[in-house]
Amino acid sequence: MGYGKSLLKRMIEYKYFYILVAPLLAYYIVFEYVPLYGLVLAFKEFNFSKGIWGSEWVGLANFREIFYLNDFWIAFRNTVIIAFGRLLFEFPVPIVVAILLNEVRTARLKKFYQVVYTFPHFLSWVIISGILINFLGSFGVLNQLLDIFGFQKVNLLVDPSSFRALIFSSSLWRDMGWGTIIYLAAIAGINPSLYEAASIDGANRLQRMWHITWPGLKSTVAILFILNVGAMMSSGGGGFDQIFNLYNPAVYEKADILDTYIYRRTFSVGESFGTSTAVGLFKSIINFVLLYTANKAAKRLGQEGLF
């Protein structure tokens with residue numbers, strides 16, 4: 001009872017902080033926690049007339065069904081390949097760009113680069129996909145120029161061998177600058193006297209970057225790496241918005257990921273909500289395992305983890 005009164009007293013004392021947190025808390029409750037009850041669909045055969053709770057329990061039947069589907073394993077393979085590709089090709093670039101931007105001594109030029117690199121992030125994938133389709137499509141600008149100069153036309157949007165490269169390059173162009181913001185903030189927290197002392201000792205720019213800037217970034221890089229690994233199987237890691245707006249049946253074999261697979265099974269093909277929910281729960285479990293593993297690995301390497 002005493003603890004309850006003490007807690008209530010502190011809440012009243014810091015009421016304005018709680019008021020500031022309330023909208024965010026309400027958002028997570030309404031949009032993140034309340035929908036969790038729908039996970040029971042993974043273990044039920046959904047019936048529209050009976051609703052979620054009135055539907056018949058089928059145990060693990062939905063999971064057994066999806067594990068026997070060839071399309072599911074194609075989407076699973078593509079999700080893993082694309083997610084690892086993003087970690088390999090996209091994750092390091094903002095780190096390098098942030099370090100290089102930190103070396104730009106002219107403030108106006110530095111701001112110009114930041115604006116140029118960051119602006120594409122504010123374009124939605126609907127707009128970007130429209131630009132790419134108009135430029136790279138069968139009747140796009142690229143093919144018109146190739147036709148004028150007598151070269152054979154190409155269509156990268158329906159070419160499975162080049163579609164993943166298109167995904168990585170367009171995503172890198174859009175989000176590279178946005179990703180540098182956190183790293184630039186971390187660099188700004190490094191004591192400038194360290195750079196001054198290193199310069200006096202004769203360290204060149206490369207040595208200062210390696211021995212001062214990089215150590216100051218490592219903890220931030222570790223945290224963001226853990227978060228990226230933990231989101232590998234989700235829409236953030238696979239890039240649902242990007243792929244959904246760019247892909248087509250010709251590249252399903254190379255581009256179809258679990259999120260687009262769930263969408264197509266649920267709304268296009270009209271399959272059971274139970275199997276779609278089972279796919280979503282399956283990828284969430286894998287995300288948790290990856291997050292836990294990455295967090296453990298970061299701690300083993302001497303970095304701070306998330307938990």
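Buried means under 20% relative accessible area, exposed means over 50%, and partly exposed is whatever falls in between (1.4 Å probe, protein chains only). All the views below come from a predicted model, where local features need pLDDT of at least 70, side-chain atom pairs count only at pLDDT 80 or more, and totals for chains, interfaces and linings use all residues. Residues are numbered from 1 along each chain as its sequence is written, and side-chain values use heavy atoms, with hydrogens and water left out.

View A. At 49% relative accessibility, phenylalanine 89 counts as partly exposed, while phenylalanine 168 is buried at 14%. The structure holds 25 aromatic pairs; to pair, rings of Phe, Tyr and Trp (its six-membered ring) need centres within 6.5 Å, and planes under 30 degrees apart count as stacked, over 60 as edge-to-face and the rest as tilted. This one is tilted, at 5.6 Å centre to centre with 45 degrees between the planes. Phenylalanine 89 sits in helix α5 (residues 70–90) and phenylalanine 168 in helix α10 (residues 160–188), so the pair ties together parts 79 residues apart in sequence. Helices here are DSSP runs (H or I, at least four residues), as are strands (E, at least two), numbered from the N terminus.

**View B. Phenylalanine 91 meets phenylalanine 225.** With ring centres 5.6 Å apart and planes at 65 degrees, this pair is edge-to-face. Phenylalanine 91 lies in the loop between α5 and α6 (92–102) and phenylalanine 225 in helix α12 (residues 205–230), so parts 134 residues apart in sequence get tied together. Phenylalanine 91 is buried at 13% relative accessible area, whereas phenylalanine 225 is partly exposed at 36%.

**View C. The largest nonpolar core.** A nonpolar core is a set of buried Ala, Val, Leu, Ile, Met, Phe, Trp, Tyr and Cys residues joined through side-chain atoms within 4.5 Å. The largest has 26 residues, and Phe91, Ile95, Tyr183, Leu217 and Val221 have the most contacts inside it. Zoom in on leucine 217: leaving out residues up to four places away in sequence, it touches Ile95, Ile99, Tyr183, Ala186 and Ile187 (contact means heavy atoms within 4.5 Å).

View D. A salt bridge puts a side-chain nitrogen of Lys or Arg within 4 Å of a carboxyl oxygen of Asp or Glu, and the structure holds seven of them. Arginine 105 bridges to glutamate 103 with the closest N and O atoms 3.5 Å apart, and arginine 205 meets glutamate 103 at 3.8 Å, N to O. Arginine 205 belongs to helix α12 and glutamate 103 to the loop between α6 and α7 (107–118), so this link spans 102 residues in sequence. Glutamate 103 is buried at 9%, arginine 105 is exposed at 54%, and arginine 205 is partly exposed at 40%.

View E. Arginine 264 lies over the face of tyrosine 252, 4.4 Å from the ring centre; a charge sits over a ring if NZ of Lys or CZ of Arg is within 6 Å of the ring centre and within 35 degrees of the ring normal. The side chain of arginine 264 also meets aspartate 256 in a salt bridge (2.7 Å, N to O). Arginine 264 is buried at 15% relative accessibility, and aspartate 256 is buried at 3%.
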